[in-house]
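Colleague: Could you take me closely through the aromatic pairs of this chain, with the criteria spelled out as you go?

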Amino acid sequence: PPLPSPMTALEQMCAALSPLAGGGGRVLAALDGPCASGKTTLAGQAARQLGCPLVHMDDFFLPPARKTPARLAQPGGNVDWERVRDQVLAPLSRGEPARFSPYRCHTGAYGPPVSLSPAPLVLVEGVYALHPALRDFYRLRIFLEAPWPVRRARLLDRGGPELLARFQGEWVPLEDRYFQACRVRDCCQLVLSGQ
C-alpha cells in the first residue's frame, strides 16, 4: 500500500491544539517564528478551524517614542510585552476579558479598543509571542520556521525591494538576536515548517 502523506503544518498544529481546546479549561497557545515564515496565515487557518480567538503580536509593537537604545538592546525589546502580559495574557488566564488598543505602525497611533472574552483556547501569533516574560502563560508553544529564500521571496512579494531592505537591515537582526538569546525554538513543544 502507498505510504500516507506527511501531515501538513496546519494538520500538525490542529492535532496538537484540538485536545487543549476541548479540555474544558482556559488554554493559551503561542505560535512564534521569523518574519515571513507563514505564522499569520497558519494561525488564521488554525483559529478558523478550531473556532478560537486569535491575538496578533503585530498589535503590540513599540511606538517610536519607546524605542530607546536601551530598550532595543534587550533581546525581544522591540515589542510591548508588558501590554501583552498585562492586558491580554494575565486577564485571559484568570478567566477575565482582555481589553487592549492595537498599535498601528502605518498610522503611528493606537486603534480603537478591542475586547476579547475568555475562551477554552486562545491563540497568540507573531514574533516575540514567546518572549521569556510571556512564555509561562502558554500551555503549548509552537515555532514555525522557513528557509531564508522562501521568506525573502514572500517579503519581496509583500512589499517590494524597499520593504525587504528594511526587514534585512532592521527587523531581521532584532528577531535573530531574540531567537538566539532567548532560545525560543528550544522552549517549544512543536516545531513546524512554513515552506
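Modeller: Buried here means under 20% relative accessible area, exposed over 50% and partly exposed in between, with a 1.4 Å probe and protein chains only. This is a predicted model, in which local features need pLDDT of at least 70 and side-chain atom pairs count only at pLDDT 80 or more, while totals for chains, interfaces and linings use all residues. Residues are numbered from 1 along each chain as its sequence is written, and side-chain values use heavy atoms, with hydrogens and water left out.

A search of the whole structure gives seven aromatic pairs, where rings of Phe, Tyr and Trp (its six-membered ring) pair if their centres lie within 6.5 Å, and planes under 30 degrees apart count as stacked, over 60 as edge-to-face and the rest as tilted. One of them joins F60 and F100, a tilted pair with 5.0 Å centre to centre and 45 degrees between the planes. Because F60 lies in the loop between β2 (54-56) and α3 (69-72) and F100 in strand β3 (residues 98-100), the pair ties together parts 40 residues apart in sequence; helices (H or I, at least four residues) and strands (E, at least two) are DSSP runs, numbered from the N terminus. Both F60 and F100 are buried.

The rings of F167 and W171 have centres 4.8 Å apart and planes at 70 degrees, so this pair is edge-to-face. Both residues lie in helix α5 (residues 148-181), four residues apart, about one turn of the helix, and F167 is buried at a relative accessible area of 11%. Elsewhere, F61, Y128, F143, Y178 and F179 form one aromatic cluster.
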